[in-house]
2 protein chains.
Amino acid sequence: MQLLDGKATAQAIKDELKQAVDNRKSKGSKTPHLAAVLVGNDGGSLTYVNAKVKACEQIGFHSSLIRYDDSVSEKELLAKVIELNNDEEIDGFIVQLPLPDHIDELKITMAIDPIKDVDGFHPQNLGKMMLNLPSFLPATPAGILELMKRNGIETSGKDCVVIGRSNIVGMPISIMLAKKNDPGNCTVTLIHSRTKNIKEKVLKADIIIAAIGQPGFVTADMVKDGAVVIDVGTTRVEDASKKNGWALKGDVDFENVAPKCSFITPVPGGVGPMTIASLMINTLQSMELRNK
Amino acid sequence: MQLLDGKATAQAIKDELKQAVDNRKSKGSKTPHLAAVLVGNDGGSLTYVNAKVKACEQIGFHSSLIRYDDSVSEKELLAKVIELNNDEEIDGFIVQLPLPDHIDELKITMAIDPIKDVDGFHPQNLGKMMLNLPSFLPATPAGILELMKRNGIETSGKDCVVIGRSNIVGMPISIMLAKKNDPGNCTVTLIHSRTKNIKEKVLKADIIIAAIGQPGFVTADMVKDGAVVIDVGTTRVEDASKKNGWALKGDVDFENVAPKCSFITPVPGGVGPMTIASLMINTLQSMELRNK
């Protein structure tokens with residue numbers, strides 16, 4: 001069993017990006033600038049956004065963190081999105097989800113100019129991804145593909161199950177892995193709450209992507225020997241042994257599944273850091289596209 | 001075995017659309033207007049476009065057929081697309097594919113305003129489909145779903161294989177069937193040229209969608225008893241017994257597969273007429289959206 005170390009792989013990507021940015025700066029090129037909009041004080045969202053800002057600092061990107069109180073109106077948030085769309089200095093930006101109930105997340109996502117949508121959530125970017133056109137790929141699926149590629153995992157012709165059909169992970173990665181790309185060319189089965197005989201289906205898979213948000217859902221009896229297991233789950237569960245009182249748990253029963261795998265991602269330190277690395281790749285791309 | 005009669009189902013839809021259009025006209029509403037652009041003299045394309053124009057006449061839509069010689073420049077064609085985008089009288093339009101080699105199909109498709117893209121090929125419509133947002137659904141997959149729905153075929157929880165990953169049929173229908181919709185909620189496996197053990201996978205399916213363009217690809221030994229088989233293939237093969245010298249052949253070995261099925265589509269008269277019915281549904285929707 002080999003651990004798919006997302007932290008180390010993400011660090012290697014960030015080192016390359018830093019080198020690339022330094023080279024561009026020395027030639028007088030603009031410094032990439034990522035803005036992040038955060039509404040409220042949710043601990044998880046704050047952690048994610050801070051990690052993104054920190055990654056920018058490490059690489060030498062400019063970053064702006066724009067914070068609003070929970071009470072911000074949809075109108076005010078929309079006005080900020082429009083402002084960021086029009087701000088020539090900003091190469092890409094994200095609005096951290098989830099948003100408070102009184103704000104229509106879809107309306108906000110749709111208002112982001114697709115050419116600055118470095119999270120890859122806008123329908124125009126998703127549609128282009130489907131057609132294999134240049135686009136910002138959704139950050140988590142793109143990070144998973146990059147993690148597999150850099151660790152020499154062959155995907156072509158492999159049987160893959162994706163567990164969970166969310167708009168931001170399960171659905172897009174099922175498409176990306178099925179397309180005629182490298183990584184890609186998998187035979188993908190997308191599994192969800194209505195699927196029958198889940199265990200039987202997962203047992204046949206060469207590659208398992210678990211993105212369902214249920215801690216420990218994938219147990220050892222569902223995994224064939226030598227499978228590649230990618231765990232996208234990050235659920236906070238109470239853990240008295242931790243100083244903050246909780247621990248991040250993945251969708252895979254790591255302890256019992258890991259011995260059967262050829263490769264497996266840990267949680268934390270697997271897919272999470274790769275998502276941030278993808279966001280950084282998208283931001284650099286955006287700067288380059290906008291300055292062509 | 002029950003034949004899924006696409007011709008009869010499409011006729012029922014067209015009858016309903018005619019009724020709806022008549023009602024709207026009597027209230028002073030605009031008559032839906034579909035335009036079709038055809039380049040060159042390819043026999044297949046001409047047949048398809050003529051069938052679309054004829055369907056408009058039957059329903060009471062206005063239609064315009066705009067024909068160009070094979071030698072038309074990309075620039076001239078693009079100018080026509082822009083003109084149709086801006087023409088308030090036109091509710092939706094299609095540019096019949098394929099186009100001659102000197103014209104970039106993608107550039108033409110991307111130039112069509114998504115709100116008039118009644119074929120549902122624009123990335124913005126595909127992305128919205130992925131997110132379950134209101135959009136023009138690609139005509140052939142939407143026609144297949146409607147055909148199953150109107151014939152009482154349950155999809156929820158069923159195991160489905162889609163054979164072929166084209167941008168206009170295989171890939172979008174694999175998404176539409178997997179989503180939490182009705183029809184939908186299938187567990188979909190997308191099969192393509194790199195898939196291993198195809199026979200074994202197809203044999204497990206409750207629903208088989210064949211969209212690979214290889215006549216007779218799906219043979220009886222690949223189909224389990226009671227399966228639903230949808231044949232999207234329409235390849236012209238030589239047939240001396242026909243007066244035009246060829247016959248349309250589907251991807252399914254109909255003669256031997258049909259006796260095993262619960263439902264099966266014929267070729268011709270199955271999916272083809274449903275594609276045209278979907279186009280008509282999209283055109284009426286477009287008129288209604290634009291006049292809201």
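Predicted model: local features only at pLDDT ≥ 70, side-chain atom pairs only at ≥ 80, totals over all residues.
Chain A can be laid on chain B by a turn of 180 degrees with a shift of 0.0 Å along the axis, giving an RMSD of 0.0 Å, where the copies are superposed by least squares on the C-alpha atoms of residues with pLDDT of at least 70 in both. The two copies are thus related as by a two-fold rotation axis.

Residues are numbered from 1 along each chain as its sequence is written, and chains are lettered from A and ligands numbered from 1 in the order in which they are written.

Let me turn to the interface. The contact takes 25 residues from chain A and 25 residues from chain B, two residues being in contact if their C-beta atoms, placed from the backbone, lie within 7 Å. On the side of chain A that touches chain B, the elements giving two or more residues are α5 (123-130), α7 (170-178) and β6 (187-191) of chain A, and the largest share, seven residues, comes from α5(A); helices (H or I, at least four residues) and strands (E, at least two) are DSSP runs, numbered from the N terminus. Because 100% of the interface residues of chain A are also interface residues in chain B, the copies meet through the same surface.

Within chain A, there is a domain 1 (28-113) and a domain 2 (139-272), with bounds from an automatic or database domain assignment, and their C-alpha centres lie 28 Å apart.

How do α6 and α10 of chain A cross? The axes of α6(A), residues 139-150, and α10(A), residues 271-290, come within 7 Å and cross at roughly 105 degrees, and the two helices are therefore roughly perpendicular to each other, a term for angles of 65 to 115 degrees. Residues of α6(A) including Ile144(A) and Leu147(A) meet residues of α10(A), among them Met274(A) and Leu279(A).

Finally, consider α6 in chain B. Ten of the twelve residues of α6(B) are buried, so this helix is largely enclosed by the rest of the structure; a residue is buried if 20 or more other C-beta atoms lie within 10 Å of its own, with C-beta atoms placed from the backbone. Among the buried residues are Pro141(B), Gly143(B) and Glu146(B), and the cover includes α1 (6-26), β7 (207-210) and α10 (271-290) of chain B. After α6(B) comes Gly152(B), whose phi is positive, near 70 degrees.

How values were computed. Axes fitted to C-alpha atoms, helices over the stretch in contact; angles between N-to-C directions. Parallel < 35°, antiparallel > 145°, perpendicular 65-115°, else oblique.
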